[in-house]
Amino acid sequence: MAKVEKVLVVGAGIGGLAAAAALGQRGIEGDMVEIKPDSTVYGVGINQPANSLRALDKIGVLDQILDVGVTFDGWTFNDYKGNEIVAINSQLGDERVPPNCALPRRELSRILIGAAGGAGAKVRYGTTVEDLDDRGDEIGVTFSDGTSADYDLVVGFDGIKSPLRSRLFGDEYPPVYSGHVVWRLTVPRPDYAVRSDLFQSPRSKGGYIPLTETTMYLLLVTSEPEGVHYDPADFPDMLRERLSEYGGPLGDIRDNIKEGDDIIYSPLSEVLLPPPWHKGLVVLGGDAAHACTPHITQGAGMALEDAVVLAEELADADSIPAALESYAARRYPRAKFVQEVSRGILESEMAINEETLEPTIALWPEQLPGQFAHVDALLNEAA
């Protein structure tokens, strides 16, 4: 058995909290540090497809997720005027887990904080790693608050701009900007919003996903220059302009955007670290190792699966190095597949223009069901 008794998890986001819970449930003592000053979560909603729900089930929180979220069975693709082109029923899920369950990010964070704390993890906010001393059989950590401690392993779920990744691998694997961003906004949910609807225009892709009985979230993917910093005070006008061609539900949402709305603007970037995902006694997971665009809603799911698989490998392996090698070997092909599929969808949708829109969407009823069924079948396989 790998002799792991005490770990440090760096990053108290979705993956880090899940890792602390999964490790703690196996009797491994866990400390956590998070550079943010508190547990406040920014953002709107997040979909958890069936493979993500299976990971959440393994750490014992599936019922809580289903209690607060909205389940839905698939995706309807429309043109930008609101005309339905094709409806696709998801092949994800089984008797235990539904195809999809979307919920507010704050609710997911609250549930995972409870799972990590219930497993014994202790979180320190406003603190991060200052220095590491890998001695081979243990690793010493000096923190930004001047304290220090020794661990058997350091687990980094510290995000797409991961300082731990830079510490381990230098600047060889920086985030790569896709050329596109996503705008998100929580809005009232009308009665007809029972699944996710997506809308394609000649210059953008929009949609909504139901979150609660009364809310859903708007998403809009647009092309934006790299490195620009817009004033959030301008977001309502900017989002209204970028939705200007839409009719139907997105046109209704546009017409009700108000000054002061909490609009989230997120550049879409990628990272893919080749295996192994560790050096010595430091291992990475989630966006620190692989980050994808959100086009099959798998970002959180990949981090959650990482957390569960890492805990499984550490519990079953004969040594820490063997466990970490096996962890990356299991996770890399799946993370790479998700990234490639997500990027392919993004690039194909954002390449559509006035001339190609109609012939492209005319092929959707023939093409999309089979493409989604293929992806769903692979994601239904064990992580």
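Start by selecting Phe 77, Asn 78, Leu 198, Phe 199, Gln 200, Lys 205, Glu 349 and Trp 364: together they line the largest cavity. A cavity here is a set of points, on a 1 Å grid over the protein atoms alone, where a 1.4 Å probe fits but cannot get out, and lining residues have an atom within 4 Å of a point. Before moving on, note that this is a predicted model, where local features need pLDDT of at least 70, side-chain atom pairs count only at pLDDT 80 or more, and totals for chains, interfaces and linings use all residues. Residues are numbered from 1 along each chain as its sequence is written, and side-chain values use heavy atoms, with hydrogens and water left out.

Stay with the cavity for a moment. The count is 1 cavity of 30 Å³ or more, and the largest cavity holds about 30 Å³ of space, a volume being the space filled by probe spheres set on the points. Colour the lining by type and you get 4 nonpolar, 2 polar and 2 charged residues (Ala, Val, Leu, Ile, Met, Phe, Trp, Tyr, Cys and Pro count as nonpolar, Asp, Glu, Lys and Arg as charged, the others, Gly among them, as polar). Strand β14 (196-200) and strand β5 each supply at least two lining residues, and β14 gives the largest share, 3 residues. Strands are DSSP runs of E, at least two residues long, and helices are runs of H or I, at least four, numbered from the N terminus.

Select 74-79 and 84-89 to see β5 and β6 pair in the antiparallel sense over 5 bridges (strands pair if DSSP finds at least two bridges between them). The two strands form a hairpin with 4 residues between them, and Gly 82 in the turn has a positive phi of about 100°.

Now for the aromatic rings. The whole structure has 12 aromatic pairs, where rings of Phe, Tyr and Trp (its six-membered ring) pair if their centres lie within 6.5 Å, with planes under 30 degrees apart stacked, over 60 edge-to-face and the rest tilted. Pick Trp 183 and Tyr 265: their ring centres are 4.8 Å apart and their planes at 75°, so this pair is edge-to-face. Trp 183 is buried at 0% relative accessibility, and Tyr 265 is buried at 17% (buried means under 20% relative accessible area, exposed over 50%, partly exposed in between, with a 1.4 Å probe and protein chains only).

Tyr 230 sits in the loop between β16 (215-223) and α6 (235-242) and is partly exposed at 25%. Show Phe 235 as well: ring pairs link Trp 183, Tyr 230, Phe 235 and Tyr 265 into a cluster.

Two last stops are in loops. Zoom to Pro 275 and Pro 276, joined by a cis peptide bond with omega about 0°; Pro 276 lies between β17 (264-272) and β18 (278-279). Then go to Thr 297, in the loop between β20 (290-291) and α8 (299-316). Thr 297 has a positive phi of about 50° although it is not a glycine, and its relative accessible area of 15% makes it buried.

Definitions and conventions:
1 Å grid on protein atoms, 1.4 Å probe; cavity = no way out; pocket = protein on both sides within 12 Å on 5 of 7 lines; lining within 4 Å.
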